[in-house]
Amino acid sequence: MNNINDIQDEIIEEFEGFDDWMDRYQVIIDMGNALPALGEQYKTADNIIEGCQSRVWLQADFEDGVLRFTADSDAIIVKGIISMLVRVLSGHTPAEILDADLYFIDRIGLHDHLSPTRSNGLVAMIKRIKAYALAYSTQQ
C-alpha cells in the first residue's frame, strides 16, 4: 500500500512528459475513463457534491479502518479530476486523509489551468472528502 505522498508523486511523474496543456487534459480524461463505474444506486442527491458546475457523485465506504471512495461525473475533465483525488486518498485512514497536503494539484499546474468554476468544484470535492474523513475519524 503506497502512502498518500507516494501516489501524488506518481501522478506528478505521469504529467512530467507533457508541457502542452492539451496533452495534459488528455491524460486527465484518460484517468477519468479508467475510473471504475459508479453503481447507479450511488448516483443520489446525497452523493452529489454541491459547488460543482457539473454533476459529481462521491460515495464513501468505511471498512477495516480505511475510507474507500468511488466517484463519477457527467463531465469528462471533472471525472478525471475526481479520479485523481480518489486515487490519492482512497484506501487511507481518516487521520491520513485529514493530514494530507494535496501538493500534486499545484505541482501538475492544475490550479492554474482550471476555470474559476472548476477550481471551486475542485475545492468542493476536497472539502467533501475531508468531511467524510472527519465524520469517520471518531470510529477508528
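The points below concern helix packing, salt bridges and the nonpolar core of a predicted model.

1. Packing of α1 against α3. Two packed helices are described by the angle between their axes and the distance between the axes. Helix α1 covers residues 4–16 and helix α3 covers residues 76–89; their axes lie 8 Å apart, at an angle of about 140°. On the α1 side the contact is made by Ile4, Ile7, Gln8, Glu10, Ile11, Glu14 and Phe15, and these residues meet Met84, Arg87, Val88 and Leu89 of α3. Sorted by class, the contact of α1 with α3 consists of 7 nonpolar, 1 polar and 3 charged residues.

2. Packing of α1 against α2. The axes of these two helices come within 10 Å and cross at roughly 135°. Helix α1 is therefore oblique to α2. The contact of α1 with α2 has 5 nonpolar and 2 charged residues, and no polar ones. Ile11, Glu14 and Phe15 also belong to the α1 residues that meet α3.

3. Side chains of opposite charge can pair when their charged atoms come close. The model contains 7 salt bridges. One of them joins the side chains of arginine 87 and glutamate 10, with an N to O distance of 3.4 Å. Because arginine 87 lies in helix α3 and glutamate 10 in helix α1, the pair ties together parts that are 77 residues apart in sequence. Are these two side chains buried or partly exposed? Arginine 87 is partly exposed, with a relative accessible area of 30%, and glutamate 10 is also partly exposed, at 32% relative accessibility.

4. A salt bridge between two loops. Arginine 55 and aspartate 74 meet through their side chains in a salt bridge of 3.2 Å, N to O. Arginine 55 is in the loop between α2 (21–34) and β1 (56–63), whereas aspartate 74 is in the loop between β2 (66–73) and α3, so that the pair links distant parts of the chain, 19 residues apart. Arginine 55 has a relative accessible area of 45% and is partly exposed; aspartate 74, at 46% relative accessibility, is partly exposed as well.

5. A salt-bridge network. Aspartate 72 pairs with lysine 79, and the closest N and O atoms of this salt bridge are 3.4 Å apart. Aspartate 72 has a relative accessibility of 9% and counts as buried, because buried means under 20%. Salt bridges with shared partners join Glu40, Lys43, Asp72 and Lys79 into one network.

6. The nonpolar core. The largest nonpolar core has 45 residues, and Phe69, Ile82 and Phe104 are those with the most contacts inside it. Two or more residues come from each of α1, α2, β1, β2, α3, α5 (104–107) and α6 (116–137). Which element gives the most to this core? Helix α3 does, with 9 residues. Leaving aside residues up to four places away in sequence, isoleucine 82 touches Leu35, Ile49, Val56, Leu58, Ala71 and Met125.

7. An exposed loop residue. Alanine 37 lies in the loop between α2 and β1. At 75% relative accessibility, alanine 37 counts as exposed. The C-alpha atom of alanine 37 is separated by 7.8 Å from that of alanine 71, although the two residues are 34 residues apart along the chain. Alanine 71 is also one of the residues that isoleucine 82 touches.

Technical notes: Residues numbered from 1 in each chain as written. Predicted model: local features only at pLDDT ≥ 70, side-chain atom pairs only at ≥ 80, totals over all residues. Heavy atoms only, no water. Axes fitted to C-alpha atoms, helices over the stretch in contact; angles between N-to-C directions. Helix = DSSP H or I, 4+ residues; strand = E, 2+ residues; numbered from the N terminus. Contact = heavy atoms within 4.5 Å. Nonpolar A, V, L, I, M, F, W, Y, C, P; charged D, E, K, R; others polar. Salt bridge = Lys/Arg side-chain N within 4 Å of Asp/Glu carboxyl O. Buried < 20%, exposed > 50% of the residue type's maximum accessible area, 1.4 Å probe, protein only. Parallel < 35°, antiparallel > 145°, perpendicular 65-115°, else oblique. Core = buried A, V, L, I, M, F, W, Y, C linked by side-chain atoms within 4.5 Å.
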